[in-house]
Amino acid sequence: MDPNPSKFPMLSYVMSRLPSLAPKPSTPAAPPHLCTIRIDPHPSDQPPILNQMPHLSDPKVLAAMQRAVADVSQTRSALKTLGDRPDHELVDTAKVRLCEIDSDLAKRLEELVISPRPSDFDRLQWRVRLADKEAQFREAAEKEKQGYTAILQLDELHSAYDKLLKDAEQRLVKIYESAMAGVVEFDEEKVEGGDEGLINDQVPEEVAGILQEASRTTLDRVNLSGRQLRFLPEAFGSIHSLLLLDLSSNELKVIPESIGGLEKLEELNVSSNLLESLPESIGALQKLKVLNATGNKLSALPDSICQCRSLAELDVSYNGLTYLPTNIGFELANLQKLSIQLNKIRSLPTSVCELRSLRCLDAHFNELRGLPLAFGRLTNLEILNLASNFTDLTELPDTFGDLINLKELDISNNQIHALPDTFGRLDNLTKLNVDGNPLVVPPSDIVQQGVVAIKVFMAKRWLEILVEEERKSMLQVQDQEETGWLTRSTSWLKDYVSGVSEYLGSPRAPRDPILDQQL
């Protein structure tokens, strides 16, 4: 777990000089300010790296380096407590099991939604019962997922630690090069006192200036777009007054967990970076309204994002997402715009049907195989783009006609053969693209006439279906009535015949000899 000296020579040396990692002295401990840096007074006993890099023996240089790798030291200690990295087979097994659990949960919830209400339950009682069952299903799934989630989290921590080592080695090289050039002056107070002395060594001058300004005044907006930043100092998490933070178009691979300290943040833009994940602490941003993480390398969103209950716009397009958090719809009640286009999402969680404030959903260029059955609950939805899911998307749910406020719909380049029968109820629909589908209903000549003709056709079709269903229902009632009359008549006739038969077939009473006497 310690850095390999052959791969990270500087980091290995600096971490070996950290007091927390150094061998405990047999003599009484010196005061803290005297044991911060441990320099061997005998040069002949010093490691060979000092012959190649003599500036490492400078206490100020070493102190700056030690502060620069503080995050590595902390992570190393945490990983030693948590344990070794799980092997690939165990990680793959955990991923498969998590997918299976989510799939089973989704299936059970779908079945729960469409389950018929018993006649002895009123609507309110049935809803309460469904809510209880759903909570039980989710709780059981979460308990089952805990162990597998822990395995993946531990693997992610180790993976992040490997990247941390590489970044730390690069930081140390820069500090050493500055020391060789004599450009950086190390202030004794800063050596003893904190992260401020590292600012000029590790981050660009503009970033350093922002952090220094934040320590003196109140900052509410920071724009660092297009600065080629490779890392963000942990100190950014202490700018508690920040309302807007723009980190777009940089080279960031990690957002520090300290960002959870931006308790007033309302808008965060981390688009066009190299992020493979978002920090779990993002859930602490209770006032966050806009999050833009488009154009990264995200494969999943942290479940904690569901705790950002003020979120109104979420853009995670142009990533590698394969699914959305299970509870995203239950928690993000204020979400109005969701952009998930150009990912690899195969299905939307059932909870997405609870996003009652949602007005715009863009899910084009994914691998969607369908929509949840209760999708029609999104009655405030105005713009929906499901284009280019290609062979995966073959139908729309019957509840689609309940999207009464839908104005724009794009379902082009899919494999939809028929629009749902309720489609004619979309009275507010003014823009429709169905190109690239093998549509049979409505026929092509109707499609060519445009959205109005399609709505009229589907409305007439829906009316015909209702009329036909009513006719069948009346015939069924009539048949039942006739069958009932015939049944009653047959029953009466049977009873009558049975009575006559019994009378005729009963043995005759013995003849009275007195009546038979002839006078």
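How many bridges join strand β3 to strand β4?

1. In this predicted model, three bridges join strand β3, made of residues 267-269, to strand β4, made of residues 290-292, and the two strands run parallel. Within this pair, Asn 269 of β3 stands opposite Asn 292 in β4.

2. The pair belongs to an open sheet of ten strands, which follow one another in the order β1-β2-β3-β4-β5-β6-β7-β8-β9-β10 with parallel pairing. At the edges of the sheet are β1 (221-223) and β10 (431-433), each of which pairs on one side only. Neighbouring strands of this sheet are turned against each other by 5° on average, if direction is ignored.

3. Val 270 has a relative accessible area of 1%, and because a residue under 20% is called buried, Val 270 is counted as buried. The C-alpha atom of Val 270 is separated by 8.8 Å from that of Ser 225, a residue 45 positions away along the chain.

4. A reader checking the backbone may wish to see two residues with a positive phi. Gln 228, which is not a glycine, has a positive phi of about 60°, and its place is in the loop between β1 and β2 (244-246); with 61% relative accessibility, Gln 228 counts as exposed. Phe 365, also not a glycine, has a positive phi of about 55° and lies in the loop between β7 (360-362) and β8 (383-385); at 40% relative accessibility, Phe 365 counts as partly exposed.

5. The peptide bond that leads from Val 441 to Pro 442 is cis, with omega near 0°, and Pro 442 is found in the loop between β10 and α11 (444-447).

6. In helix α9, which spans residues 205-214, the buried residues are Val 207, Ala 208, Ile 210 and Leu 211. These residues lie on the same side of α9, because they cover an arc of only 160° around the axis.

7. The second largest pocket holds about 660 Å³ of space and is lined by 24 residues, of which Val 113, Arg 127, Leu 130, Ala 374 and Arg 377 lie nearest its centre. Helices α5 (88-114) and α6 (123-181) each supply at least two residues of this lining, and α6 gives the most, with seven residues. By type, the lining of this pocket divides into eleven nonpolar, five polar and eight charged residues.

Key. Residues numbered from 1 in each chain as written. Predicted model: local features only at pLDDT ≥ 70, side-chain atom pairs only at ≥ 80, totals over all residues. Heavy atoms only, no water. 1 Å grid on protein atoms, 1.4 Å probe; cavity = no way out; pocket = protein on both sides within 12 Å on 5 of 7 lines; lining within 4 Å. Points joined across faces, edges and corners; volume = space filled by probe spheres on them. Helix = DSSP H or I, 4+ residues; strand = E, 2+ residues; numbered from the N terminus. Nonpolar A, V, L, I, M, F, W, Y, C, P; charged D, E, K, R; others polar. Buried < 20%, exposed > 50% of the residue type's maximum accessible area, 1.4 Å probe, protein only. Arc of directions from axis to C-beta. Pairing = 2+ DSSP bridges. Axes fitted to C-alpha atoms, helices over the stretch in contact; angles between N-to-C directions.
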